[in-house]
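Look at the sequence and the model before reading on.

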Amino acid sequence: MGCGVTKSDQFHKHSGKGVSAIRAAVLIQRWYRQYVARTEMRRRYTWHIFQSIEYSGEQAQIKLYNFLGYLMDNFTPSSNERNLISHIFRENDICRDAEWERYFCYKKIEVPEIYSGPHLTFPLTVEQAVGLVEAFRNKKQLHSRYALQLLLETWKLLRMLPNINRISTCHSKEITICGDLHGQLEDLLLIFYKNGMPSLEKPYVFNGDFVDRGKDSIEILLILFAFLLVYPSDVYLNRGNHEDHIVNLRYGFTKEVLTKYKMHGKRILKLLQKIFSWLPLATVIDQKVLVLHGGISDSTDLNLLARLDRHNYISALRPPKKRNQSSASTSMDSDLDEDVWGANRIFQRRASLTFPKPLGARDCFHNRSLQDFSDRIKVNVETELEIRRRRRSAFNAVMKEPETETATLSFDSVYSDNAKEEWKQILDLLWSDPMAQEGCVPNEVRGGGCYWGPDITEDFLNKHNLQLIIRSHECKQDGYEFCHNRKVLTLFSASNYYDVGSNRGAYVKLGPDLVPYVVQYQASSMIRELTVRQSVGRTERSALKVLREQLFAHKSDLICAFKKFDSENTGVVSLNDWASAVESVMHLDLPWRMLRCQLVTRKTSEGMIDYYDWFNELAIIGPNSDNIDQSLLETLYRHRSTLETIFRIVDTDNSGFITMEDFRQTWKLLSVYLKMEITDEAISDLAVTIDSNQDGSIDIDEFMEAFRLTDKKSRLERGRSMFMGTATDLTKLEGDPNI
């Protein structure tokens with residue numbers, strides 16, 4: 001009474017406010033869920049862009065190596081093309097270890113008085129190993145004399161170790177296991193800071209891929225080898241797929257060593273080839289936990305892996321060849337692959353890119369995996385005998401010597417079933433990845449190894465009485481990931497691998513209970529200053545920049561795809577057609593419609609996309625590119641890493657320069673590899689454009705930098721070329737549960 005306000009009115013008033021508050025909370029919750037979903041989608045496609053490009057680069061490297069191996073097996077030894085590449089196949093040099101030790105001798109190398117880096121004496125002490133860590137932390141470099149001495153002592157020790165190390169946690173020890181480091185010294189230093197340096201009480205297992213991509217690969221190796229020498233029973237190193245001199249040509253380690261050790265870099269690299277081949281293949285902890293780099297297959301046999309000669313596999317990408325022992329007097333720097341043909345130069349002829357048998361269609365050849373191509377190279381015994389018999393007849397006819405009836409078969413290209421099985425075991429161990437589906441299938445994404453499922457894991461663990469597999473080889477956003485009912489643990493220790501904030505690093509501690517305790521970290525202080533949104537945005541921008549470069553490098557293929565939807569040649573396509581055309585060329589399985597806003601900034605008034613205008617947005621013009629054939633220019637952009645790898649192979653003296661003739665031969669090799677015509681005139685125009693000082697030689701670094709698609713290298717290519725693959729190289733990752 002009096003005021004005119006009843007309790008009922010007050011109730012409705014308060015209830016109305018409550019409903020509004022609930023509605024507001026629901027709206028906020030809905031918005032937040034959408035925001036989280038969008039952020040997660042951005043994170044996933046960013047990750048997929050990076051990972052697809054990384055794997056396509058590995059696949060391209062394997063295909064290139066197999067192609068070069070094909071040339072070695074099928075070209076005559078006197079051909080110029082074979083001579084250009086033969087030195088990378090001198091793997092099983094038959095010199096004795098004592099001869100190699102003389103070749104690697106460091107005693108005549110003098111250390112100048114002005115040298116301010118660490119000094120080493122042997123046997124190495126703990127203080128010296130710790131001092132080496134501090135010196136590298138302070139950006140100092142170890143002198144080449146000490147580097148060679150340390151590497152030589154490491155080689156001697158590794159030759160005494162078994163293929164599979166077997167260690168025990170005991171009751172007072174925890175074993176620390178680290179994954180890929182990839183030349184990122186800051187991650188190793190952070191691990192030592194958080195967990196302590198290796199010691200009798202702090203044993204470590206480092207699970208391969210110490211080198212490549214990062215800028216401090218040689219420093220990481222020297223630190224790990226130093227602690228291995230000091231604590232041989234408490235530091236264990238497994239080989240990774242990047243402990244391979246062929247892979248190092250593409251991903252930066254070769255270039256890093258030659259840059260830091262200009263005088264003795266070639267000897268250091270050769271010694272590292274020996275060291276990599278002697279690294280143990282796996283480690284077993286308490287007979288229950290298997291630590292290896294890549295993974296397993298349905299045929300993996302630890303008993304076979306334990307007894308094979310691991311040092312024969314200088315590169316895991318190609319089976320070792322059985323050498324003809326009669327060539328024992330061959331020097332270390334000669335072409336050990338040359339047979340009686342090349343020795344007498346009887347049938348020497350001008351360089352020819354003609355094969356003894358056709359390679360087949362481009363798609364048939366260029367898309368083959370490592371397993372497919374190894375079968376293509378293989379020649380049956382009868383055919384090989386006949387070929388050798390004919391060669392011997394021709395040789396004897398010229399030399400006027402009677403032909404002998406003993407047609408002794410050289411097994412340069414014919415391997416025993418046992419040797420091929422050993423090679424496959426190592427290849428699977430270093431290159432394989434787990435998958436969610438059951439079974440075991442070839443790993444066509446990387447080009448080597450296999451994908452294996454949870455059923456394979458279960459059978460393998462039961463067969464060998466194990467309970468857990470710890471492997472590395474794959475970058476994970478959290479630094480680790482369990483799969484196969486938590487019986488497989490992937491561990492990756494290189495944080496910020498693709499870009500700052502892209503992923504954490506992690507290491508694992510195992511005690512006597514064998515329960516993994518995971519420690520995560522992020523080496524960059526910058527990421528700690530960013531919000532989640534800023535971190536995702538930064539990584540997304542980096543991935544989109546890489547993606548734009550990929551799109552620009554496939555311009556001609558994309559235009560052809562667009563014209564299939566643009567039958568009237570209007571120059572415009574709908575958003576749906578644009579997305580379908582791009583996916584048909586790139587095969588990245590990305591949400592192109594959602595990415596349109598980031599990739600295409602302009603549309604017509606009808607919502608159509610002008611694809612010629614779009615390419616003008618993407619276009620990046622290189623210096624003096626007007627004088628260069630446009631198809632050649634696009635080939636250069638698209639296959640830049642492959643071309644640089646061939647340049648590094650051709651540069652036999654590691655000077656960083658190649659002659660004009662070698663430059664032309666390199667492009668001819670690339671043209672055969674890509675099954676395309678590149679005219680001599682186009683190559684000459686390109687050479688003249690690059691040789692600005694007209695000294696008749698090409699600076700490899702200047703050439704590659706002149707045709708970089710961006711003005712600044714992304715974290716993905718750290719010190720190396722962008723992983724520019726062909727459209728068919730970027731294989732669709734079908735069945736991946738994480739995509």
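## A buried ring pair

Phe192 and Tyr204 are both buried, where buried means under 20% relative accessible area, exposed over 50% and partly exposed in between (1.4 Å probe, protein chains only). The model is predicted, so local features need pLDDT of at least 70 and side-chain atom pairs pLDDT 80 or more, while totals for chains, interfaces and linings use all residues. Residues are numbered from 1 along each chain as its sequence is written, and side-chain values use heavy atoms, without hydrogens and water.

The structure holds 17 aromatic pairs. Rings of Phe, Tyr and Trp (its six-membered ring) pair if their centres lie within 6.5 Å; planes under 30 degrees apart are stacked, over 60 edge-to-face and the rest tilted. Phe192 and Tyr204 are edge-to-face because their planes stand at 85 degrees, with ring centres 5.8 Å apart. Phe192 lies in helix α6 (residues 185-195) and Tyr204 in strand β3 (residues 204-206), so the pair ties together parts 12 residues apart in sequence. Helices (H or I, at least four residues) and strands (E, at least two) are DSSP runs, numbered from the N terminus.

## Two tryptophans

The rings of Trp578 and Trp614 have centres 5.5 Å apart and planes at 80 degrees, so this pair is edge-to-face. It joins helix α20 (residues 575-586), which holds Trp578, to helix α22 (residues 611-618), which holds Trp614. Trp578 is buried, at 0% relative accessible area, and Trp614 is buried at 0% as well.

Ring pairs link a cluster whose members include Trp578, Trp592 and Trp614.
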